[in-house]
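I opened my notebook for a slow walk through this structure. Here is what I looked up, entry by entry.

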Amino acid sequence: MQIYLPIADMSVNIFLILGLGLAVGFLSGMFGIGGGFLMTPLLIFIGVSPAVVVASVSPQIAASLFTGFLAHLRRGTIDFMLGGMLLVGGVAGTIFGTWVFTLLRSVDQLDLLIALSYVTMLGIVGVLMVTEGLRAINRARRGGRADLRRPGSHTWIHGLPLKMRFKRSRIYISVIPVWVIGLIIGLLGSMLGIGGGFMLVPMLIYLLRVPTITVIGTGMMLTLTTMVAATVLHAVANHLVDAVLALVLMIGGVIGAQFGVRAGQNMRGEWLRLLLGVLVLLVGLRFAVSLVLTPADPYSVRVVRTQ
Amino acid sequence: MMRRLALLATLMLALPIIGTRPANAARLVVSLSNHRVEITSNFTGADLVLFGTIEPDKGATTIRRGDYDLVVTVTGPRQDYRTRRKERVAGIFVNTDSREFVKVPSYLAVLSNRPVKDIAKPETLRRLQIGLDNYILTQRIGPDFADTVPDDPFRVAFVRLKKDQKLYRQSPTAVTFLTRTVYRAEIPLPADARTGTYNIDVKLFADGTMVAQTQTALEVIKTGFEQYVAEGAADYGLLYGVLTILMALSIGWIASVMFRKD
């Protein structure tokens with residue numbers, strides 16, 4: 001069954017999009033990730049314009065994050081003070097990111113930026129995941145325990161001024177790195193169509209020493225807000241948000257996530273991480289190939305203005 | 001300046017009609033199967049039919065002997081386009097060069113009863129803008145606006161990409177003469193035809209000269225949910241963005257209620 005995507009201006013099979021939503025939702029439920037860094041490349045590969053993809057996955061990621069956010073809200077595992085400070089940087093980053101996005105699009109270099117960023121991002125994350133997964137499997141085979149090394153107590157970050165006490169997370173830290181982290185996540189989120197949770201969580205844990213109990217919920221407070229802001233800004237500045245595409249993805253994603261959560265509980269973690277790492281690397285490689293190979297048609301046309 | 005040039009061009013185009021009329025007096029009567037095309041969400045394209053007859057001109061009682069040729073040029077709403085070219089830079093392919101096509105038709109069909117090059121001499125075709133190669137596609141070249149030669153690589157690529165989308169076409173068989181004076185033309189509209197006015201220009205040729213010309217138009221309007229979405233996104237960006245995000249949050253909330261575990 002074909003469905004017409006009004007902003008992407010193309011007809012696609014509804015089951016293909018629904019299936020993509022289900023598959024990425026399944027993985028996101030299984031690994032507790034938003035899945036934007038898989039959803040965006042897959043949609044680009046099936047032929048949706050990268051600009052429309054980036055703008056349209058934002059509401060889909062927001063929908064899936066909101067479900068998680070509500071669960072953390074009920075459990076009380078959100079540090080609102082820290083979340084609020086992250087948001088200051090996050091919203092500024094989103095505004096700046098949308099501006100850069102609009103600018104690059106007007107000079108026809110947006111697709112290049114998206115492809116290059118994904119090659120870099122997925123390459124690094126994929127290699128880290130695969131090596132970590134292999135190490136964990138080796139450890140499990142030798143019968144050893146997971147290395148629960150607690151990160152060192154102080155770094156240069158703790159020497160920065162403007163210190164603030166975040167009671168819920170029990171940390172006392174400068175707000176400057178908090179703003180900077182928020183800014184980076186907002187920037188990447190609005191330019192690349194990702195929530196950024198897979199980068200945010202390690203940053204919060206290793207740089208700010210946010211305890212594991214509040215890190216996921218607080219991170220979601222930031223990524224949810226940047227995705228909401230990115231959706232509205234992309235709709236206002238570029239008119240590129242395809243609500244029909246987003247809706248189908250959301251429905252698939254929400255259902256897929258429920259199965260993913262259940263499946264994730266019954267599976268061996270280290271093998272799953274290795275598998276996800278390989279998947280991430282393959283998607284990154286696909287982007288790299290598309291940049292290096294001679295395109296079938298070096299010419300492309302886009303509408304600049306409608307009379 | 002552009003407008004004045006356009007006016008001048010129109011006048012020059014009109015001159016030969018006035019000049020040739022007394023010699024081969026004929027008049028075109030046309031009728032369209034449908035003046036209003038509604039594109040709904042399951043629209044997969046449509047074929048419109050234009051019917052017409054060749055009548056003797058006022059004052060004359062008969063028309064000339066010999067065969068006529070007919071060229072129908074359909075132009076859709078105008079848009080600005082940018083054609084980009086990728087080249088290898090430091091190992092990767094990057095858009096390096098581009099040309100802007102200013103106010104060119106989003107849809108352009110040149111339909112005739114035989115190849116246009118057999119209908120009239122090249123300079124006649126060029127003057128009357130008949131055929132994809134002769135239709136003026138204005139490019140912005142620095143501060144100037146001009147059409148290039150038909151084999152300019154950007155022009156060729158633009159026309160080829162539009163042809164691939166079935167939005168530009170040239171068909172030497174789309175016009176058929178049912179009798180010597182009654183003809184029909186099939187106008188194919190693809191699924192992603194823009195909304196707006198489509199001008200239909202009909203030119204009659206006899207022995208390589210234009211003897212009559214007439215114009216008509218059709219309106220393409222889109223209806224249905226998808227069109228509503230597209231218009232909302234273009235005209236009410238903020239409201240559209242807010243509604244989209246409210247939809248997203250509602251779905252997130254519904255999922256959280258439905259699959260609540262605690």
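Predicted model: local features only at pLDDT ≥ 70, side-chain atom pairs only at ≥ 80, totals over all residues.

A reminder to myself: strands of a sheet pair through backbone hydrogen bonds, either parallel or antiparallel.

Entry 1: Which way do β2(B) and β14 (residues 209-222) of chain B run, parallel or antiparallel? I found that they run parallel and are joined by four bridges. Within this part of the sheet, B:Glu38 has B:Ile221 in β14(B) as its bridge partner.

I then moved along to β13(B) and β14(B), which run antiparallel with eleven bridges between them. Here I spotted B:Asp201 opposite B:Gln215 in β14(B). The two strands form a hairpin, with two residues between them. In the turn I noted B:Asp207, whose phi is positive at about 50°.

On to β4 (residues 69-75) of chain B: seven bridges join β4(B) to β13 (residues 196-206) of chain B, and the pair is antiparallel. I marked B:Asp69, which stands opposite B:Phe205 in β13(B).

**Entry 2: another sheet.** Chain B also has an open sheet of four strands, and I wrote down the order β1-β3-β12-β11, with antiparallel pairing. I found β1 (27-32) and β11 (175-177) of chain B at the edges, each pairing on one side only. The twist averages 20° from one strand to the next in this sheet. How many bridges join β11(B) to β12 (residues 182-189) of chain B? I found three, in an antiparallel pair. B:Phe177 faces B:Tyr183 in β12(B) across this pairing.

**Entry 3: chain B as a whole.** I stepped back and read six helices and 14 strands for chain B. The chain has 262 residues, and 33% of them count as buried. I also looked at contacts with a separation of 6 or more in chain B: residues 24 or more positions apart account for 67% of them. The domain assignment gives domain 1 (12-222) and domain 2 (224-262). Between the centres of these two domains of chain B, taken over C-alpha atoms, I read 41 Å.

**Entry 4: a helix with a buried face.** I picked α5 (residues 225-235) of chain B and found B:Glu226, B:Val229, B:Ala230 and B:Ala233 buried. Why do I say they line one face of the helix? Seen down the axis of α5(B), the buried residues fall within an arc of 95°, so they line one face. What covers them includes β1 (2-5), α8 and α9 of chain A, together with α6 (237-258) of chain B.

Technical notes: Residues numbered from 1 in each chain as written. Chains lettered and ligands numbered in written order. Pairing = 2+ DSSP bridges. Axes fitted to C-alpha atoms, helices over the stretch in contact; angles between N-to-C directions. Buried ≥ 20, exposed ≤ 12 C-beta atoms within 10 Å, placed from the backbone. Arc of directions from axis to C-beta. Contact = placed C-beta atoms within 7 Å. Domains from an automatic or database assignment.
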